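This report covers strand pairing and selected backbone geometry. The sequence and structure come first.

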Amino acid sequence: MNLTVNGKTYELDVSPETPLLWVLRDTLGLRGTKFGCGMGLCGACTVHVDGNAVRSCQAPIGSLGTEKITTIEGLSSDRSHPVQKAWIAEQVPQCGYCQSGQIMQAAAFLGKHPHPTRDEIDHAMSGNICRCGTYHRIRRAIQRAAGEAVL
Amino acid sequence: MIAQAQVSRREFLKTGAATGAALVVGFYLPERSHGQDSQNLQTKTFSPNAWVRITPDNQVTVLVERPEMGQGQRTVEIVLLAEELEVDFSGIRIEQAPTIPDIYKSLSTGGSNGTRSGWDNVRKAGAQAREGLVRAAAQLWRVDKKECRAENGAVIHVPTGRHFAYGELVEAASRLPEISADAVPLKEAKDFRLIGKPVARVDTPSKVDGSAQFGIDVNVPDMLHAVIARCPHFGGKLVSFDGADAKRTPGVRAVFPVAPLGPLDICSYGIRNLNTAGGVAVVAESTWAAIQGRKALRLNWEKGPGAGETTASLRRELERQAIAPPTFISVDRGDTPKALDDAAKQIEATYELPFAAHATMEPMNTTAHVRDGEIELWSPTQWANVIQDEIATLSGLPKSKVIVHMTLSGGSFGRRAQWDYAAEAWQVAREVKQPVQLLWTREDDIQHDFYREYAYHRLTGGLDKQGKLTAWSHRVACTPIRPVFDSPESLQDPQHSAEVDGADPPYSCPNVYVDFAPVHSVVPRAWWRSVEGSFLAFGVECFIDELAHAAGNDPYEFRMSLLQDDGKSGSEQGLNKRKFRDVLQLAAEKADWGKPLPPGCGRGIACYWSFGSYIAHVAEVSTERDGALRVRRVVSVVNCGTAVNPDGVRAMTEGAINFALTPVLGGEITIKDGAVEQSNFHDYPVLRIDQSPVIEVHIVPSTERPAGMGEPGVPPLAPAVANAVFAARGIRVRRLPIGTRLLKKW
């Protein structure tokens with residue numbers, strides 16, 4: 001089967017039930033997308049499928065056809081995506097493990113809600129766990145990326 | 001645990017031709033046994049203990065020793081070094097120091113010790129390098145070195161304005177005789193240009209573009225992937241298994257039993273309990289195939305000695321031990337029983353804190369390659385040197401033949417100071433003779449953690465007619481952590497196995513008694529961010545709040561009145577009551593203490609001193625009629641001595657607050673049949689963004705030595721929230737987590 005990731009098409013020979021997460025990590029070597037729970041509960045594996053935030057651990061590769069997949073490696077080539085810039089400006093990451101997923105979630109969310117309220121941010125980001133507790137800065141970074149006044 | 005490098009002298013040297021001339025500042029140690037193993041230095045002349053390398057192209061490279069787990073360690077080390085070396089810190093290249101513990105003595109961290117342990121030595125390394133460069137420049141110019149000054153990566157001859165970039169001085173500096181590190185004075189605080197100013201973390205760019213390499217991201221050619229089906233019952237064992245279907249799973253290469261590992265005599269650390277569960281390993285070509293193979297296993301476990309253990313049975317025993325004779329008396333000042341009898345008012349309270357998991361976002365993993373006479377490991381660990389020792393002991397190889405690469409860690413909070421998962425990776429790799437990455441799934445992580453201990457406090461206090469505190473008695477009953485990983489000998493010392501450090505209240509009281517009674521459990525326990533502080537502060541700081549109310553006093557004012565410098569409290573050793581008062585006062589001020597809030601809302605205050613840092617939190621909560629509790633805002637004031645990177649101190653405090661909220665608002669590990677009942681984030685709910693408060697951190701300016709900041713934000717948070725719940729609703733929190741049932745009693 002064929003899979004388009006970050007603008008590049010790959011021909012794959014993997015069983016159709018394999019989750020996209022493990023195809024990205026083990027087969028394609030795109031390890032910026034992280035494994036956190038395997039149940040779609042933590043958001044560490046979030047990628048974009050046709051611009052929508054999707055938990056790649058819950059997306060069997062066989063369910064994907066011509067959709068365009070974007071991972072953290074493909075969000076920008078030089079950390080220039082507004083969400084990445086805001087993440088740097090607010091110094092969000094601590095351990096950083098969940099941040100690929102957080103950034104992909106935030107980027108998809110802002111694509112659809114360019115001027116979110118705090119409650120909308122909390123709602124949109126509540127599926128992404130950060131054990132270092134960077135939530136306070138994630139909120140600020142999303143507001144910054146949205147061009148809103150910082151809390 | 002954390003050894004400090006002995007800085008005896010420094011040498012410059014040239015590296016081999018492969019890297020061109022380079023100035024390396026090293027600390028020479030008398031023991032040179034492993035010197036030739038230094039892979040990164042390629043030096044032929046001596047075995048340096050080196051942190052700094054400068055090449056003719058002006059590139060400064062720093063070898064950092066301590067692990068980066070999210071706490072900002074690398075940034076702190078670069079700031080400390082660049083401050084003295086007088087270079088732009090953003091251009092510095094970072095390398096993780098190799099596991100050569102005879103040279104690199106601080107390949108580990110724990111006890112919020114990262115900044116503290118680097119404070120002197122890392123600065124000295126920078127100062128020595130600078131001194132050598134200045135001397136080299138003076139020599140080349142044939143001037144007095146007093147006329148020369150280092151600035152921004154160059155040495156300047158002040159009278160003439162001539163200058164040499166550091167790279168131009170490499171060769172001359174390399175020929176200089178030794179300079180004693182202790183002979184080079186360190187900068188005074190007033191001259192700091194980096195220390196104390198917020199800087200951007202050096203690892204942020206790699207953590208926003210997916211390029212940061214964690215343990216799970218290690219990829220070695222021909223690497224296989226493994227998972228282990230572990231015995232879910234602590235102390236239980238594998239009776240039999242059928243791996244036929246697992247072997248037939250596409251991609252699975254091997255299925256074999258893995259023995260549990262117990263106490264091991266690790267040469268430099270004595271006997272340590274590795275505490276692995278044992279089970280059946282499934283090795284496959286991909287992680288997914290290994291996980292699928294594991295699902296196809298048919299396993300028959302024996303429940304073992306913990307079969308009857310449940311959370312209810314543990315609670316019954318804790319309640320019994322809360323009134324049984326003590327095992328260890330920690331504090332006995334004055335005559336507490338008499339003072340309690342004489343008190344005009346006597347208050348008693350109990351507080352219960354169940355097991356809590358670490359649940360780091362990156363699950364445990366280690367990649368191992370067992371070759372003939374050599375083992376290589378890549379591990380997200382807090383303790384590379386211990387892992388090296390452990391695997392050397394297990395395998396019988398000399399330490400020099402065990403190479404440990406300490407990778408970035410996706411969180412730790414104390415979890416990665418355990419040696420279980422690296423040992424398991426070695427066990428698996430030994431069988432497959434090929435590099436193999438052992439990965440824990442989230443279920444493995446939640447069910448095989450080393451949990452925060454189960455604690456139960458009983459406190460009794462006495463007040464006189466004027467509402468003054470006259471007696472304080474505190475029984476700590478808990479499942480202590482030492483028996484899990486320490487040697488049997490060390491446990492014969494009751495103090496060693498007691499969890500009462502930090503239980504002596506800072507508050508003035510003429511009669512204080514603190515003791516301890518342990519409860520046995522099969523559940524593994526160990527360090528959980530702030531260790532005993534995380535539950536002792538809950539007892540002490542909730543109870544002082546109860547006493548304040550019983551005395552008809554404001555909880556903030558009551559604390560302040562008991563923190564005067566009158567020499568009447570026990571924990572005087574090193575304790576500075578003025579610092580306590582300062583953080584409390586500022587926290588109260590910044591949090592609008594005393595200002596009215598709407599009905600159902602309340603503020604709670606708590607403070608704690610740990611790892612040298614003084615912290616006060618004020619939590620503001622709102623409660624709803626359906627029982628929902630929301631922590632809306634936390635104001636935190638920190639005195640941690642010099643804040644090397646104030647933004648890092650803020651980040652650590654924010655993180656500690658959110659980390660501490662999980663066992664308050666959500667997660668609880670419960671036990672049935674000697675096994676953990678929870679398995680993933682659906683039944684072990686950790687704090688999410690919609691539950692997290694707005695956080696304000698204020699740092700008290702200080703030029704004193706830095707104190708620890710990785711953990712101190714945790715202990716006062718839970719009591720601040722519980723006290724806020726009381727302020728909001730008049731309900732005392734006796735047990736964590738705070739369930740909705742408690743608050744439904746409107």
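## Strand pairing in chain B

Two strands count as paired if DSSP finds at least two bridges between them. The model is predicted. In chain B, strand 25 (residues 601-610) and strand 26 pair in the antiparallel sense, over ten bridges. Within this pairing, Ile605(B) has Val618(B) of strand 26 as its bridge partner.

Strand 26 of chain B is also joined by ten bridges to strand 27 (residues 629-639) of chain B, and these two run antiparallel. Here Ala619(B) stands opposite Val634(B) of strand 27. Ten of the eleven residues of strand 26 (residues 613-623) of chain B are buried, so the strand is largely enclosed by the rest of the structure.

## Hairpin turns

The hairpin of strands 25 and 26 of chain B has two residues between the strands, and Phe611(B) takes a positive phi near 55 degrees. Strands 26 and 27 of chain B form a hairpin with five residues between them. In that turn, Gly627(B) has a positive phi of about 100 degrees.

## Loop residues with positive phi

Lys433(B), a residue other than glycine, has a positive phi near 55 degrees. Lys433(B) sits in the loop between helix 11 (420-432) and strand 21 (436-439) of chain B. Lys433(B) counts as exposed because it has 11 C-beta neighbours inside 10 Å, and the cut-off for exposed is 12 or fewer.

Ser530(B) is not a glycine either, and its phi is positive at about 85 degrees. Ser530(B) lies in the loop between strand 24 (511-518) and helix 15 (533-550) of chain B. With 31 other C-beta atoms within 10 Å, Ser530(B) is buried.

## A cis peptide bond

The peptide bond from Leu736(B) to Pro737(B) is cis, with omega near -10 degrees. Pro737(B) is in the loop between helix 19 (717-729) and helix 20 (740-744) of chain B.

Definitions and conventions: Residues are numbered from 1 along each chain as its sequence is written. Chains are lettered from A and ligands numbered from 1 in the order in which they are written. This is a predicted model: local features need pLDDT of at least 70, side-chain atom pairs count only at pLDDT 80 or more; totals for chains, interfaces and linings use all residues. A residue is buried if 20 or more other C-beta atoms lie within 10 Å of its own, exposed if 12 or fewer, and partly exposed in between; C-beta atoms are placed from the backbone. Helices (H or I, at least four residues) and strands (E, at least two) are DSSP runs, numbered from the N terminus.
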